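Here's a quick briefing to read alongside the structure. Have the sequence and the 3D view open, and we'll go topic by topic.

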Amino acid sequence: MSATLDEVCAVAIAECFRGDGEILCSPIGTLPAIGARLAKLTFEPGLLMTDGVAPLVANVSALGDKDAAKVIEGWLPYRSVFDLVWHGRRHVMMGATQIDRYGNQNIACIGDFEKPRRSSSACAERRATPSVTPPATGCRSTPGECSWSKSMW
Amino acid sequence: MLDKRTTEERVLGELQDGMTIGIGGWGSRRKPMSLVRAIARSTLKDLTIVSYGGPDVGLLCKLGKVRKVIYGFVSLDSIPLEPHFRVARQEASVEVMELDEGMFQWGLYAAALRLPFLPTRAGLGSDVLKYNPSLKLVTSPYEDGEQLVAMPALNLDVALIHMNRGDAAGNGQFLGPDPFFDDLFCMAAKRRFMSVERLVPTEDLLQEGSVHTLKISRMHVDGVIEAPQGAHFTECPPDYSRDEAFQRAYAATAQDAEAWEAFKRRFIDEPADHPAYVAAVDAFRKETADKGKA
């Protein structure tokens, strides 16, 4: 039996959510979304997920299936997401632009912050307990130190 | 009943160079674009824009209206990075205060509550503090003695927001999935202007949505503008979704000076008011549809 690298990653991502129980699971990106679904459909059925906007959706549908029926179990506008982060019940999985050897991640910019070579998506949102998947397209996926360090707490 | 109906042009008359202007919505979602375009056409300059940024920030930076941007991100959602803002960053043509988006909320909330700051853990251990040396820490006066970030109030001169429905007195109603932080923008500002998709009599507001959707109170609104399609090309559900074709055309202008000049002429300079802009967009849609058929 063999598995593709993507499949290995999806299972590894799913394992990151093991033991989380009833908390908000926020996968950002394709593989994180697959891994999170795998976890919820197997060993972590209590995970809560949004549809990417505000409704909390109880059922799991295939990735990218926009017409899938949704069983809405709650409402989580951004303000409530922030509250939940600070309350400590959110586990986000994302792919940073850079990750360094210490595990710091960077989604703000590449190069000097004052005049970056590449401006990125800013130091937004990715608070809470983060796990990281380096993106396949990421340039400099393991620099010595990030151009910008994002906290992990 | 109070009648606070006004126009984009009259709102412009209340704005001055150097003001701090908060813009509601989120990314490419429910942005008060008819008001943003009015600023884009004006001679205003040196503005500080405070926004969960989308094309509002990109457009105003591109047009040289902005001295400083305070933001948690600047995105077009379906196009992750706002291309005009990206150019502005890479050319260092605007000052920035880049914050975690929760810190940003705390800044608005502190201003709304007339507090100098609110404490938060967001930003600790991050370069947010390194690149924003004005941010200070505060120590809990209680037994825990925890060190926290003292997020300063983001006080606004003016707030601009867009809602689905409203009445002439300035009550505003959101009918989409998320109210975002528009109420905080209004409470953080000295003057507040709201555009709406449709003005309805106050007694009809509850025919549109439940009482919970009445998020903006007239006590926080100084002027209301009826602007159907006022958030275009950003989304304004359930009234309309994002105009992705138009947004792609807008985004492509960041890499093409000629395309930018044509876009600017057609959609910013030439339409004298919002209805004229909507007509220009209708013509664009028809051309795009015709191209699709050909």
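Predicted model: local features only at pLDDT ≥ 70, side-chain atom pairs only at ≥ 80, totals over all residues.

- E4(A) covers residues 90-94 and is joined by four bridges to strand E1 of chain A (residues 24-27), with the two running parallel.
- Looking at who faces whom, Leu24(A) sits opposite Arg90(A) in E4(A), and Pro27(A) is opposite Met93(A) in E4(A).
- In a regular strand, side chains alternate between the two faces of the sheet.
- In E1(A), Leu24(A) and Ser26(A) point one way while Cys25(A) and Pro27(A) point the other way, and all are buried.

**Chain A overall**

- Chain A has three helices and nine strands, and along the sequence they come in the pattern α-β-α-β-β-α-β-β-β-β-β-β.
- Of its 153 residues, 40% count as buried.
- Take the contacts in chain A between residues at least 6 apart in sequence: 58% of them join residues at least 24 apart.

**Chain B overall**

- Chain B has 11 helices and 11 strands.
- A compact globule of 294 residues would have a radius of gyration near 19 Å, and chain B has 19 Å, so the two agree.
- Its C-alpha trace spans about 70 × 50 × 35 Å along the principal axes.
- Out of the 294 residues in chain B, 49% count as buried.
- For chain B contacts between residues at least 6 apart in sequence, 74% join residues at least 24 apart.

**Where the chains meet**

- On the chain B side, 31 residues are in contact with 27 residues of chain A.
- The chain B elements that give two or more residues to this side are strand E3 (66-74), helix H4 (83-90), H5 and helix H6 (127-131).
- E3(B) gives the most, with four residues.
- By type, the chain B side divides into 15 nonpolar, eight polar and eight charged residues.

**The nonpolar cores**

- The largest nonpolar core has 69 residues, and those touching the most other members are Ile49(B), Leu60(B), Leu108(B), Leu156(B), Ala159(B), Phe185(B) and Ala188(B).
- Helix H5 of chain B (residues 101-112) supplies the largest share of this core, seven residues.
- There's also a second, separate core of 17 residues, and its members include Cys25(A), Ala33(A), Ile34(A) and Leu48(A).
- Back in chain B, which residues does Ile49(B) touch, not counting residues up to four places away in sequence? They are Ile21(B), Ile23(B), Val57(B), Leu60(B), Val66(B) and Val69(B).

- All of helix H3 of chain B (residues 55-62) is tucked away: eight of its eight residues are buried, so the helix is largely enclosed by the rest of the structure.
- Those buried residues are Pro55(B), Asp56(B), Val57(B), Gly58(B), Leu59(B), Leu60(B), Cys61(B) and Lys62(B).
- What covers the buried residues of H3(B) includes strand E1 (20-23), helix H2 (33-41), strand E2 (47-53), E3, H4 and helix H9 (244-252) of chain B.
- After H3(B) comes Gly64(B), which has a positive phi, near 75°.
- Helix H11 of chain B is another story: of its 20 residues, the number buried is two, so H11(B) lies largely in the open.
- At 1.5 Å a residue, the 20 residues of H11(B) (residues 274-293) should span 28 Å, and the end C-alpha atoms are 29 Å apart, which agrees.

**A loop residue: Leu175(B)**

- Leu175(B) is in the loop between strand E9 (172-173) and helix H7 (182-187) of chain B.
- Why does Leu175(B) count as partly exposed? Because it has 16 other C-beta atoms within 10 Å, whereas a residue needs 20 or more to be buried and 12 or fewer to be exposed.
- Not counting residues up to four places away in sequence, Leu175(B) touches Asn164(B), Arg165(B), Glu208(B), Gly209(B), Thr213(B) and Pro238(B).
- Phe193(B) is 18 residues from Leu175(B) along the chain, and their C-alpha atoms are separated by 19 Å.

Definitions and conventions:
Residues numbered from 1 in each chain as written. Chains lettered and ligands numbered in written order. Core = buried A, V, L, I, M, F, W, Y, C linked by C-beta atoms within 7 Å. Contact = placed C-beta atoms within 7 Å. Rg over C-alpha atoms; globule rule 2.2 N^0.38 Å. Pairing = 2+ DSSP bridges. Nonpolar A, V, L, I, M, F, W, Y, C, P; charged D, E, K, R; others polar. Expected span 1.5 Å × (residues − 1).
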